[in-house]
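These are my notebook entries on a single protein chain, written down in the order in which I looked things up. I begin with the sheet, then turn to one helix, and end with the rings.

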Amino acid sequence: MIGLDDVRAAAARLAGVAVRTPLLRSSALDERTGGEMFLKAENLQRAGAFKIRGAFNKVSAMSPEERRAGVAAYSSGNHAQAVALAAQLHGIPAVILMPEDAPASKVAATRGYGAEVVPFDRYTEDRAALGAALAADRGLVLVPPYDDPLVMAGQGTTGLEIARDEPALDVLMAPVGGGGLIAGSGTAAKALLPGVRVVGVEPEGADDTKRSLEAGERVALQSYPRTIADGLQIDRPGRLTFEVNRTVIDQIVLVSDEEIIEAMRFLFEQVKLVVEPSGAVCVAALLAGKLDVRDARVAAILSGGNIDIERFRRLVGDAAGE
């Protein structure tokens, strides 16, 4: 469905737009895990998360007529901001469906890029159906958050950069929500790094991809997942992403909300990074020993850093007993 050439084409479109984020080191994390850890700091990306890669690639590949019509999207926050920014950079309108309980900072940032925000209830309404209806009613082009080859290829430039910066890698770790980031990055990594293992990390309450891979088909959770990792609150994998991920993912591990908070605190204190809950899940898995990485060279994607100071203080402060 997507290949290395698609990811390379996306990288060409993103040149001068997406930040080539660094692979950071942490001696404290190396000591805790017994391996060599490399942190892909997508929290330093434009709009605060990796999502600009897929959104901009999709919008850039549209025809002039499609772009003039404008774009629609649905998202809990990071994809919303990315589509809004991609639309702003192309000078076109954007309408974004966002959950009523989406973090206020993400809603404000999306509006700040010039998009119209339409709220919905993520626990009772089908966001994909609402998004399709909104796009059809207003004559807009829908930019899916993950279930699209161009979006996956754009997200894959994260893995492409990792492979180029650290060619002697044993493990690539990525958060898993809808599956676009790990699908694209895993595709690039497996093409360029023979023998690399691709490991996904999901919150314990949102383990739809793990269940689906074990079942050999897409499985929907019985209720909408509740976790502090709002960017990973997905009740079933994407149709297209699942077909890619069943070939590129070697293992899925799960982390609790408490482990995610501990990782956020560790990254703040030891690496001097502010990372949102969804972005901290790979480090949560490493700190909790969910993966044996002794003597291994591991790249973990910190997928985003969009969290307001009050929520960060509340989560990390509560973890510290403050």
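**Entry 1, the end of a strand.** Before anything else I noted that this is a predicted model. I started at Pro 203, and I found that this residue stands opposite Val 255 in strand E9. I then followed the two strands along their length, and I saw that E8 and E9 (residues 251-255) run parallel and are joined by five bridges.

**Entry 2, the other neighbour of E8.** Which strand is joined to E8 by five bridges on residues 171-175? I found that it is E7, and that E7 and E8 run parallel. Within this pairing, Leu 172 stands opposite Val 198 in E8. I also traced how the chain gets from E7 to E8, and it passes through helix H9 (residues 180-192) in a β-α-β crossover that is right-handed.

I looked up burial for strand E8, residues 197-203, and six of its seven residues are buried, so I wrote the strand down as mostly covered.

As a reminder to myself, strands of a sheet pair through backbone hydrogen bonds, either parallel or antiparallel.

I checked the length of H7 (residues 127-138) against expectation: at 1.5 Å a residue its 12 residues should span 16 Å, and the end C-alpha atoms are 16 Å apart, which agrees. Which residues of H7 are buried? I found Arg 127, Gly 131, Leu 134 and Ala 135 to be buried. These residues cover an arc of only 95° around the axis, which means that they lie on the same side of H7. Ala 136 and Asp 137, on the other side of H7, are exposed.

**Entry 6, the rings.** I searched the whole structure for aromatic pairs and found one. I then looked for charges over rings, and I noted that Arg 25 lies over the face of Phe 38, at 4.4 Å from the ring centre. Likewise, Arg 226 lies over the face of Tyr 123, at 4.0 Å from the ring centre.

Terms used:
Residues are numbered from 1 along each chain as its sequence is written. This is a predicted model: local features need pLDDT of at least 70, side-chain atom pairs count only at pLDDT 80 or more; totals for chains, interfaces and linings use all residues. Side-chain values use heavy atoms; hydrogens and water are left out. Buried means under 20% relative accessible area, exposed over 50%, partly exposed in between (1.4 Å probe, protein chains only). Helices (H or I, at least four residues) and strands (E, at least two) are DSSP runs, numbered from the N terminus. Two strands pair if DSSP finds at least two bridges between them. A crossover is right-handed if, with the strands pointing away from the viewer, the path from the first strand over the helix to the second runs clockwise. Rings of Phe, Tyr and Trp (its six-membered ring) pair if their centres lie within 6.5 Å; planes under 30 degrees apart count as stacked, over 60 as edge-to-face and the rest as tilted. A charge sits over a ring if NZ of Lys or CZ of Arg is within 6 Å of the ring centre and within 35 degrees of the ring normal. The expected span of a helix is 1.5 Å times one less than its number of residues. The arc is that of the directions from the helix axis to the C-beta atoms.
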